[in-house]
Amino acid sequence: MADKIAVAVDDLTVAYNYKPVLWDIDLSIPEGVLMAIVGPNGAGKSTLIKSILGIIDPIAGSVQIYDKPYHKQRHLVAYVPQKGSVDWDFPTTALDVVMMGTYGALGWIKRPGNKQKKQSLEALEKVGMLPFKNRQINQLSGGQQQRVFLARALVQNASIYFMDEPFQGVDATTEIAIINILKELRKAGKTVIVVHHDLQTVPEYFDWVTFLNVKHIATGPVKDIFNDDNLTKTYGINYKVAVQQ
Amino acid sequence: MNPEIAILLISCLTAVACAIPGVFLVLRKMALISDAISHSILPGIVVGFFITHDLASPWLILLAAISGIVTVWLVEAIQKTGLVKEDTAIGLVFPALFSIGVLLIAIYANDVHLDTDAVLVGKLEYAPFDNWIINSSSSQEGITNPEDFINMGPKSLWTTGSVLLVTLVLLGLFYKELKLSTFDIGLTSALGFSPVILHYGLMSVASVTTVVSFDAVGAILVVALIIAPAATAYLLTNDLKKMLLLSVVFGILAAFGGYYLSMWLDASISGSITTVLGLIFLLVYLFAPSRGLLAVLFRQRRQRTEVSLLTFLLHLNNHDSIEERSVTHLQEHINWGKVRAKKVLKLALENNMISKNGDVVTLSNKGKEFTEKALDYIITNKDEKIEDMKDDFFLFRG
Ligand SMILES: Nc1ncnc2c1ncn2[C@@H]1O[C@H](COP(=O)(O)OP(=O)(O)O)[C@@H](O)[C@H]1O
Ligand SMILES: [Mg+2]
């Protein structure tokens, strides 16, 4: 299983206003791993995901999803953006947000119908949010909002899932519920890539890890590379502070 | 056509045509850009006028719309340098374009009929008399026969009507894409819907609408018609479709209200429409059921009372002795004013949290359960624990 490469990043350099935030990244992610991307604030973790998904144009380098450019493989990829990147006061309901996950398969102009609604309700059920389907999204707690985002990714029914800090602002119960769903996805052969902040839970939750801080530092199985050496390279000499918080 | 009906129709069509892009601009927090567009279309209008010599020509509308889009593009380009924020960029761009327009007029076209009154408040009053005449005469030159001319009715009616029709068709086709890109631009792009195309599409509609409406209702009303109905509707609903519908309703209400107000006051029609828009917004801002000012104040007061209720219940939970549970003692001990104590007692009784026997209050089972749940919530911050309390208590709704 581990010999097929799901995501390959080659010599990727990304800049905002000519200031590079990712330098010459080479990275390959095998199929079927549940991988954490770790690095300090501003390390470029979100930027890396966004450039893999074609949301940001890199100034150099290329990205392949199963050996083809992203725009040919969109249907294989689901994305959960950082929670803070959207306006939760937007006038819409939980169910409606999940339905947005079906838009990609629909393409331009076509409207979602009963089939899409049914899929979305199932996804809500899976994350335990069915009772809140008609709740206004700003009436949901942080954990519930995160679950709605997860349901939206599930409804995309993809092979590769990118999630940007899905545990941000969630309570312990929700965190466990989410990680269980991610583990289930991996069991079903999916590749799951998660930007993660809590270094302490990395060995418990993930089987692979990528260290990133503007440059790519290391990628590999947690048991092989999650060590002081890489943590120090990524977080600097004070990495222990980062572990404790 | 009866001028009264013509004016009402033109203002209603304009109101609806403005309200629709307005909803998306307000939700994208880009309300200011419509102000910028309404000013910076001037150079487009002037250049268009040089070419066509007709203020209602489609080419002029197109050129003006292009200057609107150039505005949007310039604002973004300046913003992208990272040196200034969006509002500053807007403030830099539109005076520049506007003054280019003014200079062009001053240098090349002193005699162009573009008076400031018409630019600011429009000329709705005259719109019914500016008719679209089609010459169906077969003779090339010379004698023209009055019967050869067909009066198609007011020009503004045709221009705003067509723009509205196009807007409605585009909304019908791309509602899903517009909603998605307004809510979550990252996912929009990841799913393969180009946010750039959607953004410039929306901006083009907004520009064309502004140009066409500008001719009828002027620069001030056009901004008001774009922003005010959407901002008002936003206070009233949590559903995008209803927000669109309500904005349209408010636009039409203001068109009618403004017209009759202007008759009554013998004032400018577009000025009166703007006034009515402002009044509707004010009323809704004050009285909207959950987002209105009064509702917010009421909620804050209820929340204060509910915090007091919780303190009171916790106290009862912690103390069993009769003296601790007497009303007078509670008043002294927790140090509340009489009014507040009364309110809290009433709220607790209403919700069957306590029972009262003479002067002594006792925590009921329901009250015990509530207190424990609330405590649990405060300690663990786990939302599931208080789901059912949310319906009755503002305190837990955030
Ligand atoms: N839209 C943007 N414009 C300019 N700079 C940005 C933008 N987004 C992120 N950055 C900068 O790029 C760097 C990396 O950001 P990001 O990828 O969000 O980091 P992380 O997700 O690891 O915290 C940071 O220094 C941040 O300030
Ligand atoms: Mg980030």
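Which residue takes a positive phi in the hairpin of β1(A) and β2(A)? Select A:N17: its phi is positive, near 50 degrees, and the hairpin has two residues between the strands.

Before going on, note that this is a predicted model, in which local features need pLDDT of at least 70, side-chain atom pairs count only at pLDDT 80 or more, and totals for chains, interfaces and linings use all residues. Residues are numbered from 1 along each chain as its sequence is written, chains are lettered from A and ligands numbered from 1 in the order in which they are written, and side-chain values use heavy atoms, with hydrogens and water left out.

**The strands of chain A**

Helices (H or I, at least four residues) and strands (E, at least two) are DSSP runs, numbered from the N terminus. Two strands pair if DSSP finds at least two bridges between them.

Stay with the strands β1(A) and β2(A), residues 19-30: they run antiparallel and are joined by eight bridges. To see one of these pairings, select A:L12 and its bridge partner in β2(A), A:I25.

Next, select residues 5-16, which form β1(A), and residues 60-65, which form β4(A); five bridges join this antiparallel pair. A:V7 has A:I65 of β4(A) as its bridge partner.

From β4(A), move to β5(A), residues 68-69, which pairs with β4(A) in the antiparallel sense over two bridges. Here A:Q64 is partnered by A:P69. The hairpin of β4(A) and β5(A) has two residues between the strands, and A:Y66 takes a positive phi near 45 degrees.

A:S46 belongs to helix α1 (residues 45-52) of chain A and A:Q82 to the loop between β6 (77-80) and α3 (94-99) of chain A, so the pair ties together parts 36 residues apart in sequence.

For accessibility, buried means under 20% relative accessible area, exposed over 50%, and partly exposed in between (1.4 Å probe, protein chains only). A:S46 is buried at 18%, whereas A:Q82 is partly exposed at 25%.

**Between the chains**

Show both chains. Contact (heavy atoms within 4.5 Å) takes 39 residues from chain A and 38 residues from chain B. The two chains bury about 3,300 Å² between them, 58% of it on carbon and sulfur atoms. In chain A, A:F90, A:P91 and A:W108 lose the most area to chain B, together 22% of what that side buries. Buried area is the accessible area (1.4 Å probe) that two parts lose on being put together, summed over both.

**Helices of chain B**

Select residues 195-234 of chain B, helix α9: the end C-alpha atoms of these 40 residues are only 23 Å apart, short of the 58 Å that a straight helix would reach at 1.5 Å a residue. The expected span is 1.5 Å times one less than the number of residues. Center on B:V217, where α9(B) bends by about 120 degrees, the angle between axes fitted to the seven residues ending there and the seven starting there. Of its 40 residues, 30 are buried, so α9(B) is largely enclosed by the rest of the structure.

Finish at helix α10 (residues 240-265) of chain B, whose 26 residues reach 36 Å, close to the 38 Å expected. Its buried residues, among them B:L240 and B:F250, pack against α1 (3-27), α7 (155-183), α9 and α11 (269-287) of chain B.
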